Amino acid sequence: MPRPSRIRTAPLIPGSPRRRILLKAGGTLLLSVLSPLSARAAQILAVRVWPAPDYTRVTLENDTNLKTEHFLVPDPPRLVVDIEGLALNSTLKSLVAKVEPNDPYIKQVRVGQNRPNVVRLVFDLKEEIKPQVFTLAPVAGYQHRLIFDLYPVKPADPIAAMIQKGEWSDAPVPVAPDVPVLGDPVAGAPPVQVPAAPVVTTPPGQPGAAQDPIARLESAMSGLNGATPAPPPPPPAKGPIKAPGQKIARMVTIALDPGHGGEDPGAIGAKGSREKDIVLSVAKRLKTRLEQMPNTRVMLTRDGDYFVPLGTRVQKARQVQADLFVSIHADAWVSPTARGSSVFVLSEKGASSSAARWLANDQNKADLIGGANYATADKQLASVLFDLSTTAQISDSLKLGKAVLGEIGGINRLHKAAVEQAGFAVLKAPDIPSILVETAFISNPDEEAKLNDNGYQDKLADAITKGIRRYFADNPPMAKSRQT
Ligand SMILES: [Zn+2]
């Protein structure tokens with residue numbers, strides 16, 4: 001069944017009055033020579049700033065593709081960008097006021113006419129940065145975009161970030177193998193024997209799970225941003241050798257991936273709800289619940305409103321050696337009657353249905369809308385990761401998906417009764433069981449209301465947590481010497 005294109009994005013209408021915010025503060029402008037506007041001068045239609053711990057992005061949306069040159073100046077650090085054939089207008093000047101004082105990387109920005117026909121932007125920086133400057137072709141309601149991504153020279157690392165927030169611990173609480181249950185039994189279901197904590201079974205001939213945290217940290221620090229290829233897996237563990245089958249406890253790490261963010265709002269409901277906001281809220285609720293499980297830590301691939309390229313989401317999960325990867329989305333369709341929750345896993349050999357294939361293709365466009373720099377090493381990352389076999393991963397993902405789908409079926413109608421499969425880029429970590437949860441249809445008015453409801457978001461988080469616990473009960477995580 002072919003599906004027409006579905007409701008997609010671009011929150012603002014180019015050229016609408018909302019975009020044209022007049023600049024009041026003129027003090028920081030370098031207004032020198034104002035050249036008369038030529039009829040052919042490009043126009044800036046909108047400026048957006050997305051500060052985030054990973055990087056700060058500045059987007060200039062234009063009516064044409066702009067030619068730029070940029071260079072860095074040290075002491076104090078600055079990024080200077082010259083844009084050709086551009087008229088300085090109030091929209092561009094509004095950039096000055098859009099940089100927040102607490103921006104991680106930008107102290108302030110100055111905008112001026114450097115010479116006739118050339119506008120100069122000067123970013124005064126809080127620290128040295130590695131800029132990525134690139135353009136994006138018109139897509140999903142956006143016109144041409146010129147993107148400045150300001151990455152720190154020492155890239156943000158997910159483990160270091162978690163340590164800083166006090167969310168990373170390497171000290172599991174020892175548990176006896178026969179300690180009965182993990183908290184309360186799963187409600188509304190036949191009682192299952194759940195281990196008190198993720199209990200690790202050492203496979204025969206394998207070293208134990210313990211690994212020098214510093215080695216892991218250093219390994220993980222060796223590179224992360226949108227431009228850096230995946231670091232090599234950390235060296236094999238040097239922990240105590242355990243006898244085969246002996247149970248030890250180790251920390252279990254769950255990667256939660258709120259879809260979309262920043263330039264990519266995801267699907268938008270009739271009442272204006274944005275998928276990116278709802279899925280972040282659900283993911284945070286889910287994180288809180290999962291962290292209540294013993295020996296469990298949770299990494300969010302994003303914890304704010306900024307875009308993370310699909311490959312980087314996978315890379316972050318691998319850097320923390322995640323045991324599971326759960327991507328959270330909200331579905332949308334042209335017909336407002338489409339409804340229900342779904343769970344997807346990767347497929348190696350084609351999609352389970354044309355609808356699933358369509359959805360995966362649509363999801364995989366996120367990088368085009370959210371804005372990933374394809375000129376960089378992201379492609380290398382993609383080929384390195386995605387050529388590896390995922391047969392075992394898919395088998396585990398199906399088990400996880402079934403457990404989660406079963407629990408969600410207790411709180412919402414299911415769109416499809418079975419876990420579906422398709423080639424989702426974000427599910428392609430070859431060594432991490434990965435699922436994508438479509439929580440409900442944001443394009444269905446009833447479900448849009450539910451998705452905005454705190455009570456429903458809590459129920460969703462509870463259901464997914466129960467599904468994950470059920471999965472661990474049946475599939476205790478193995479001791480790791482890092483998978484290759
Ligand atoms: Zn989505």
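Visitor: What share of the 484 residues of the chain counts as buried?

Guide: The structure is a predicted model. In this chain, 55% of the 484 residues count as buried. The chain exposes about 20,000 Å², and carbon and sulfur atoms supply 57% of that area.

Visitor: How many helices and strands does the chain have?

Guide: There are 12 helices and 16 strands.

Visitor: How do I read a helix, and what does helix 5 show?

Guide: Start with the general idea. An α-helix has 3.6 residues a turn, so residues three or four places apart point the same way. Now the case here. Helix 5 covers residues 275-290, which makes 16 residues. From its first C-alpha to its last it reaches 22 Å, close to the 22 Å expected at 1.5 Å a residue.

Visitor: How many residues of helix 5 are buried?

Guide: Helix 5 is mostly covered, with 12 of its 16 residues buried. Among them are E275, I278, V282 and L286.

Visitor: What span should helix 10 have, and why does it agree?

Guide: Helix 10 (residues 391-408) has 18 residues, so at 1.5 Å a residue it should span 26 Å; its end C-alpha atoms are 25 Å apart, which agrees. Its buried residues include I394, L400, V404 and I408. Among the elements that cover them are strand 13, strand 16 (434-441) and helix 12.

Visitor: Which residues coordinate the zinc ion?

Guide: H260 through NE2, E275 through OE and H329 through ND1, at 2.0 to 2.2 Å. Written as a sequence pattern, the donor residues are spaced H-x14-E-x53-H. The two histidines link distant parts of the chain: H260 is in the loop between strand 11 and helix 5, H329 is in strand 13, and they are 69 residues apart. Both H260 and H329 are buried. The remaining donor, E275, is one of the buried residues of helix 5.

Visitor: What should I look for in the backbone angles?

Guide: Most residues other than glycine have a negative phi, and most peptide bonds are trans. H260 has a positive phi of about 65° although it is not a glycine. N117 is another such case, with a positive phi of about 75°. N117 sits in the loop between strand 5 (106-115) and strand 6 (118-125).

Visitor: Are these two residues, H260 and N117, buried or partly exposed?

Guide: H260, at 3% relative accessibility, counts as buried. N117 has a relative accessible area of 43% and is partly exposed.

Visitor: Which peptide bond is cis?

Guide: The bond from D75 to P76 is cis, with omega near -10°. P76 is found in the loop between strand 3 (68-73) and strand 4 (78-84).

Visitor: How do I describe two aromatic rings, and how many aromatic pairs are there?

Guide: A pair of aromatic rings is described by the distance of the centres and the angle of the planes. Here the count comes to six aromatic pairs. One of them, Y471 with F472, is tilted: 5.7 Å centre to centre and 55° between the planes. Both Y471 and F472 are buried. Elsewhere, Y55, Y151 and Y306 form one aromatic cluster.

Visitor: Where do R297 and R313 lie?

Guide: R297 lies over the face of W168, at 3.6 Å from the ring centre. R313 lies over the face of F307, at 5.6 Å from the ring centre.

Visitor: What is F148 in contact with, leaving aside its neighbours within four places in sequence?

Guide: Its contacts include T56, V58, V81, L121 and V133. F148 is in strand 8 (residues 144-152) and is buried, with a relative accessible area of 0%. The C-alpha atoms of F148 and T135 are separated by 8.9 Å, and these two residues are 13 residues apart along the chain.

Key
Residues numbered from 1 in each chain as written. Predicted model: local features only at pLDDT ≥ 70, side-chain atom pairs only at ≥ 80, totals over all residues. Heavy atoms only, no water. Helix = DSSP H or I, 4+ residues; strand = E, 2+ residues; numbered from the N terminus. Expected span 1.5 Å × (residues − 1). Buried < 20%, exposed > 50% of the residue type's maximum accessible area, 1.4 Å probe, protein only. Donors = N, O, S within 2.8 Å, 3.2 Å for Na, K, Ca; no water. Phe/Tyr/Trp six-rings, centres within 6.5 Å; stacked < 30°, edge-to-face > 60°. Lys NZ or Arg CZ within 6 Å of the ring centre and 35° of its normal. Areas by Shrake-Rupley, 256 points an atom, 1.4 Å probe, with all protein chains shown as cover. Contact = heavy atoms within 4.5 Å.
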